[in-house]
Amino acid sequence: MKKFSLLSLAAVAALATEPVTIQKITVEASAPKADGKNIVADEMVKFSRQSDLGEMLSGSLPEITHVRTSAIGNDIVLRGFKKDNINVTIDDAKICGACPNRMDPPAMHVSSSQIAEVEVQEGPFDVTQFGSLGGAINVVTKDPSKGLHTEVSATLGSYDYRKISTTVEGGNDVVQALIGYSRETSGQYKDGDGKTLTQQADNASMAVQRYSTAHKNDDAYERENFWAKIVGNIGDNQKLTLSYFGDRADNVLYPRYGMDALKDDTDMFKAKYQLFALGEYSDELSIEAYHSKVEHDMGNDFRAFMASSVSLVDATIKGVRAENTASIAETEITFGLDLSKRNWNGTKGTRANPYTIIQLPDADTENIGVYAKALKTLGSLDLSGGLRYDDTTIDADQSLTGMSTTKDRDYTNVSANVLGRYHYSANGNFFVGAGQSSRVPDARELYFAGAGNTNLNETINREIDMGIEHTLGNLHLKGTLFYSDLKDYIYAYKVVGSTTSFANIDARIVGGDITADYALNKEWTIESGVAYQKGTKKDVAQLDSLATLAQTDKDLADIPPLKGRVALVFDDSKNYAEAELIAARHQTYDVNNGEQAIGGYGILNLKYGTELGNGFSLTAGINNFFDRTYAVSNSYIGLTTIMEGAQPLVLNEPGRNFYTTLSYKF
């Protein structure tokens with residue numbers, strides 16, 4: 001059925017100037033690939049205000065919430081899973097942020113102008129990637145097309161937001177290529193009370209977060225992106241794809257922390273070689289390699305407190321994957337080998353000597369993984385399963401740690417899943433899936449100066465998902481429930497005389513989501529959806545025995561509240577209009593570990609787009625129409641290295657803001 005579904009063009013409103021497909025891959029099986037909710041952003045609709053992927057997904061899926069840290073660089077919480085508990089990849093290749101405070105999460109390191117579609121996999125059902133504990137998000141970038149095409153777009157918005165983007169692509173049957181460039185700048189947004197980012201920092205509990213008079217009115221950030229891709233068709237059955245992406249973000253204000261990002265440079269290279277129809281046991285053989293590096297320099301140059309201090313960190317990850325897929329006895333079978341090595345290194349000091357303190361001791365995380373998955377249809381029943389074995393070694397430079405208990409760690413893990421979908425009629429089906437996944441501690445959790453715990457175990461997630469989908473006339477319904485049992489969940493808690501530390505606890509997250517879309521006629525559609533999840537510590541005494549502060553609260557931190565979206569959409573192929581309401585309840589929170597209460601909210605967004613003809617299109621929108629003052633999930637002490645006794649600064653979301661984009665394509 002060709003119509004916009006619940007996830008709809010809220011995604012496009014956050015992705016700059018490009019048609020985007022968001023594919024929600026639920027716990028189900030169908031040939032030839034997992035089915036899901038597909039949202040196709042029609043080419044004429046090119047809403048833009050922010051190019052932040054975290055914000056875009058948060059506005060599209062009720063079960064995703066972003067963690068507000070600045071005007072850009074907002075992290076993702078999926079079903080209550082966050083940070084290393086979910087995988088975020090670009091064309092199935094990993095990129096790791098360098099900042100230990102998650103100023104630059106993986107979702108930040110991609111330009112919205114590159115994106116063709118976003119795949120969201122919920123639950124422990126991805127065996128192709130290392131560490132997909134609670135879900136996986138894969139950004140698929142655009143391939144070049146044949147012929148010669150150019151697109152230029154310009155965006156203006158509130159708070160002196162400016163963006164210009166251009167892409168040139170072309171080729172023939174043998175070789176296609178594209179190159180792109182975008183530049184984006186923005187002043188500080190104002191919340192519903194009229195406060196800028198730096199003015200909100202005046203209320204921070206730590207004096208180091210407050211800005212000097214000279215920098216009170218600085219821009220929020222400036223950013224440039226470069227990308228290129230070449231696709232070569234070698235003969236009848238071979239294909240080579242080479243791609244590069246560069247991101248240069250400077251002087252990004254992060255009032256939630258004691259420092260700002262003076263430089264955030266990203267480079268990512270990838271090569272993929274595919275061979276098709278090699279014989280009975282190989283429909284496709286692919287070999288891919290990638291290398292990404294992030295250099296992240298932080299400083300308190302813009303702050304009013306203390307002499308200038310800096311923190312220089314970098315993160316590198318490189319990997320190789322070989323995968324073979326074949327159809328044997330009407331079963332699609334895939335075998336893969338996955339190798340990766342992640343390095344994380346960071347220091348802190350003065351401008352004159354930035355190497356005084358070793359924060360991250362040049363730690364390598366090396367993983368070898370082998371996996372297999374199968375997919376088969378038996379009449380009305382679709383079945384799939386996956387199995388993965390991982391061997392992981394984490395090796396820190398002992399001479400740099402300054403920790404007498406520092407030790408290297410080795411982990412071996414098995415992940416597995418089975419799932420099925422039964423089509424009880426042409427209009428309906430239900431599905432059930434069960435799986436186990438794992439993720440090992442990262443270098444910050446193990447070794448970060450003053451906070452690391454080298455005795456951490458890996459986290460194991462054992463999860464059951466089930467749901468039903470049914471179409472009744474013009475009404476399409478889909479609901480999903482999940483129960484996640486977490487053994488040795490890695491949890492940040494407050495420690496007297498220190499910042500934070502990390503411990504293994506047993507926990508659970510339960511929840512679900514429902515979507516309902518109703519087509520009034522060919523032009524008008526009502527979209528709706530709601531998601532809820534609840535996180536609980538299974539045994540508070542388990543954490544209380546480790547912490548030096550009393551632990552009595554059973555609420556798991558960073559679990560988003562009940563959240564919903566309803567929208568009225570008009571689309572006649574030339575004009576598009578949408579009025580959407582996004583609302584959430586107040587958030588339950590972990591009182592013992594610095595998390596704070598965040599109230600509920602409801603906001604109205606309006607959007608309009610039209611084709612002007614001759615290659616021109618125009619879009620415009622108003623976000624937070626009633627200028628509400630509200631915040632989303634960003635109050636947990638575990639999201640930052642923060643001083644004892646301080647409370648994290650809860651940043652409010654932008655107030656009423658406008659944007660418009662003019663595009664020309666030929």
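**Close-up views of side-chain contacts**

A search of the whole structure, which is a predicted model, finds twelve aromatic pairs. The legends below take some of these pairs, then charged contacts, a surface patch and the cysteines.

**View 1. Tyr 181 and Phe 226 form a tilted aromatic pair.** The ring centres of Tyr 181 and Phe 226 are 5.6 Å apart and the planes meet at 45°, so the pair counts as tilted. Tyr 181 belongs to strand S12 (residues 175-186) and Phe 226 to strand S13 (residues 221-234); with 45 residues separating them, the pair links distant parts of the chain. Tyr 181 is partly exposed, at 28% relative accessible area. Phe 226 is also partly exposed, with a value of 30%.

**View 2. Trp 524 and Phe 570 form an aromatic pair that is tilted.** The distance is 5.0 Å centre to centre, with 55° between the planes. Trp 524 is in strand S26 (residues 524-537), and Phe 570 is in strand S27 (residues 563-571). The two residues are 46 residues apart, and their pair links distant parts of the chain. Trp 524 has 34% relative accessibility and counts as partly exposed.

**View 3. Three aromatic residues form one cluster.** The members are Tyr 422, Tyr 424 and Phe 430.

**View 4. Arginines sit over aromatic rings in two places.** The charged end of Arg 79 is placed over the ring of Phe 482, at 4.1 Å from the ring centre. Arg 342 lies over the face of Trp 344, with 4.7 Å to the ring centre.

**View 5. A salt bridge joins Arg 102 and Asp 75.** In total, the structure holds 37 salt bridges. In this one, the N to O distance between the side chains of Arg 102 and Asp 75 is 2.7 Å. Arg 102 lies in the loop between strand S7 (93-94) and strand S8 (115-122), while Asp 75 is in strand S4 (residues 75-78), so the contact ties together parts that are 27 residues apart in sequence. Arg 102 and Asp 75 are both buried.

**View 6. A salt bridge joins Lys 146 and Asp 173.** The side chains meet at 2.8 Å, N to O. Lys 146 is in the loop between strand S9 (135-141) and strand S10 (147-157), and Asp 173 is in the loop between strand S11 (161-171) and S12, so this pair ties together parts that are 27 residues apart in sequence. Lys 146 is partly exposed, with a relative accessible area of 47%, whereas Asp 173 counts as exposed at 56%.

**View 7. Asp 390 and Arg 388 belong to a network of salt bridges.** The side chains of Asp 390 and Arg 388 meet at 2.9 Å, N to O. Asp 390 is buried, at 3% relative accessible area, and Arg 388 is buried at 2%. The network also includes Lys 270, Glu 288, Arg 321 and Asp 338.

**View 8. Nonpolar residues make a surface patch of about 730 Å².** Its residues are Ile 287, Val 320, Leu 337, Leu 339, Ile 368, Val 370, Leu 387, Tyr 389 and Val 414. Strand S18 (331-350), strand S19 (357-378) and strand S20 (381-395) are the elements that each give two or more residues to the patch. Leu 337 is found in strand S18 and counts as partly exposed, at 37% relative accessibility.

View 9. Cys 96 has 10% relative accessibility and counts as buried. Cys 99 is buried too, with a relative accessible area of 2%.

How values were computed: Residues numbered from 1 in each chain as written. Predicted model: local features only at pLDDT ≥ 70, side-chain atom pairs only at ≥ 80, totals over all residues. Heavy atoms only, no water. Phe/Tyr/Trp six-rings, centres within 6.5 Å; stacked < 30°, edge-to-face > 60°. Helix = DSSP H or I, 4+ residues; strand = E, 2+ residues; numbered from the N terminus. Buried < 20%, exposed > 50% of the residue type's maximum accessible area, 1.4 Å probe, protein only. Lys NZ or Arg CZ within 6 Å of the ring centre and 35° of its normal. Patch = residues over 30% accessible without salt bridge, like charges linked within 9 Å, V, L, I, M, F, W, Y side chains within 5 Å. Areas by Shrake-Rupley, 256 points an atom, 1.4 Å probe, with all protein chains shown as cover. Salt bridge = Lys/Arg side-chain N within 4 Å of Asp/Glu carboxyl O.
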